[in-house]
Amino acid sequence: MTSKEIKKTLDRQFPGSVIENVDFAERQVELKPDQWLEIATFLKNDPGLSFDQLECVTGIDTGEDGPLQSRYNLHSMEHRHKIEVVISLDRSNPKVASIEQVWRVGDWFERETYDMFGIIYEGHRDLRRILCPEDWEGWPLRKDYETQETYHGIVVSKIKEEEWE
Amino acid sequence: MGVVQGDQMVLNIGPQHPSTHGVLRLQVRTDGEIVSEIKPYIGYLHRCFEKHCENVTYEQVIPFTDRCDYIASMNNNFGYVVTMEELMEIKVPERVEYIRVIMAELNRIASHLLALGTYGLDVGAFTPFLYMFRDRERILDIFELTCGARLLYNYMWVGGVSHDLPKDFERICIGFLDYFEPKIKEYNDLLTHNKIFLERTADVGVLPPDVAISFGVSGPNLRGSGVKWDVRKDEPYSIYDRFEFEIPLGEGEFGTVGDSFDRYWVRVCEMKESIKIIRQAIKNLPDGDVFQTIPKKIRPPKGSIYRRTESPRGDLGYYIISDGSPKPFRVKMRSPAFTALSSLSEIAQGWMLSDVIAILGSLDIVLGEIDR
């Protein structure tokens, strides 16, 4: 199926969940966060779609006061088609349903995105930091992130932008 | 919880342990010798790759990709530049494409040699490791001749490569292939068909295909489970659609499909396929200028792209977002070893502690890439 047909199928099955947004490319579809778990289960189990592989989960901070995004690249081994799902989340309260039990790899992908962006995946059974230490402060990949001064008495070095110019 | 389980013990393997292939800590709950639960702890090598990328220009990202999967730096470079070229719609000269494929496949052989050699070490065979490192050395010599570096190459650039091939490269490369091809039989005699090795690996740590797909396991690990999926064939990038090669699959020759032996065996067979590809590429290698399409300033148009390529460890994906400035807005690396390691807790459950090491080794992880 082409991405257009997949979008149509989703719109038919879950009316009102697909957001039309011209900013996104053909391969992407923006969804409202509230029905995400049901949609994900449908995407995986529907025989016509059968997205059995979650390739990647990417967190994105769109910048000053903009929303945070969680993007999912899905691929179907059977039909060899793919789609990218974009879910925009409110910056002050970024919460979205976890798909960890739909695709098992979502477990670590979501932990990574949580670690870097502070996006809370509701229903995740083991949502902990994965790459940073558990007591690290702040969400490193957010654009407004400020590195903490010290960590257990060790001075944390900062990236100085001028040095790289 | 709160239940006292007197006969269970929690063991920490690592972070500094030779058979964890890097700095990895496994928290293992054991009942005698049997592992009932296993929790990997990663992040010891975290170097903020993605954060650094946002503070450097697009060309400066390439050396960082080298350092992610330092066993297969060429393939990491390759994935990044292919993604960037797709984003910027650059068509590179034919010669560059062929050089890149040759280098990527040579690096695949080198990476598999290291994987197989250290796997032998993990299950107690020391000699094959020395044999394989002897031959890997020759590949590193070829890389040194080409770009001066032996481990971290920074060889592939957006729009080209950093150096043209040295004089006499074809002869040296063919010479290596002629030397190396019969060596695979030597490895098989030495390690593959060794009874002890078979006992340690066959039927151990079976990864069923549906579980593998659900865990996002890719590359040789996925093919070991019998799933025919190779990005080079199924989503061809660069010029991989021009070469003839097979996709080796795990067949459960000595045990069940998807066991540790199958993952090992797929890697051995893949080296043969890589040799085939390199021979074809050298035969058709055209002349030309390799610096012609390197842009003076890299400033991709606004937009985003996700592309995956086949690294020796599996599907290596790059998600790049450009806001039109010379620095990337976001670079995300989807690392194949990360997903492979996440499946460990599932497949290693119920095995003996010594088998956990055999299963971990068969997944061929590189911690530099997992932690980024």
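Q: Why is the passage of helix 4 of chain B across helix 5 of chain B called left-handed?
A: A crossing bears this name if the near helix is turned anticlockwise from the far one by less than a right angle, and it is right-handed if clockwise. In this predicted model, helix 4 of chain B passes helix 5 of chain B in the left-handed way. Helices here are DSSP runs of H or I of at least four residues, strands are runs of E of at least two, and both are numbered from the N terminus. Residues are numbered from 1 along each chain as its sequence is written, and chains are lettered from A, and ligands numbered from 1, in the order in which they are written. Local features need pLDDT of at least 70, side-chain atom pairs count only at pLDDT 80 or more, and totals for chains, interfaces and linings use all residues of this predicted model.

Q: What makes helix 4 and helix 5 of chain B roughly antiparallel?
A: Helix 4 (residues 94–122) and helix 5 (residues 127–147) of chain B pack at about 160°, with their axes 9 Å apart. The axes are lines fitted to C-alpha atoms over the stretch in contact, and angles run from 0 to 180 degrees between N-to-C directions. Angles under 35 degrees count as roughly parallel, over 145 as roughly antiparallel, 65 to 115 as roughly perpendicular and the rest as oblique. The two helices of chain B are therefore roughly antiparallel.

Q: Which residues of helix 4 and helix 5 of chain B meet?
A: Contact requires C-beta atoms, placed from the backbone, within 7 Å. Among the residues of helix 4 that meet helix 5 are B:L106, B:I109 and B:L113, and those of helix 5 include B:F129, B:M132 and B:R136. The residues of this contact between helix 4 and helix 5 of chain B divide into 14 nonpolar, three polar and two charged. Ala, Val, Leu, Ile, Met, Phe, Trp, Tyr, Cys and Pro count as nonpolar, Asp, Glu, Lys and Arg as charged, and the others, Gly among them, as polar.

Q: What makes strand 1 and strand 3 of chain A edge strands?
A: Two strands pair if DSSP finds at least two bridges between them. Five strands of chain A form an open sheet of mixed pairing, in the order 1-2-5-4-3. Strand 1 (18–19) and strand 3 (53–61) of chain A each pair on one side only, and are thus its edges.

Q: How do you know that strand 2 and strand 5 of chain A pair?
A: Strand 2 (residues 28–31) and strand 5 (residues 82–89) of chain A are joined in the parallel sense over four bridges. Within strand 5 of chain A, A:V86 stands opposite A:E30.

Definitions and conventions:
Two residues are in contact if their C-beta atoms, placed from the backbone, lie within 7 Å.
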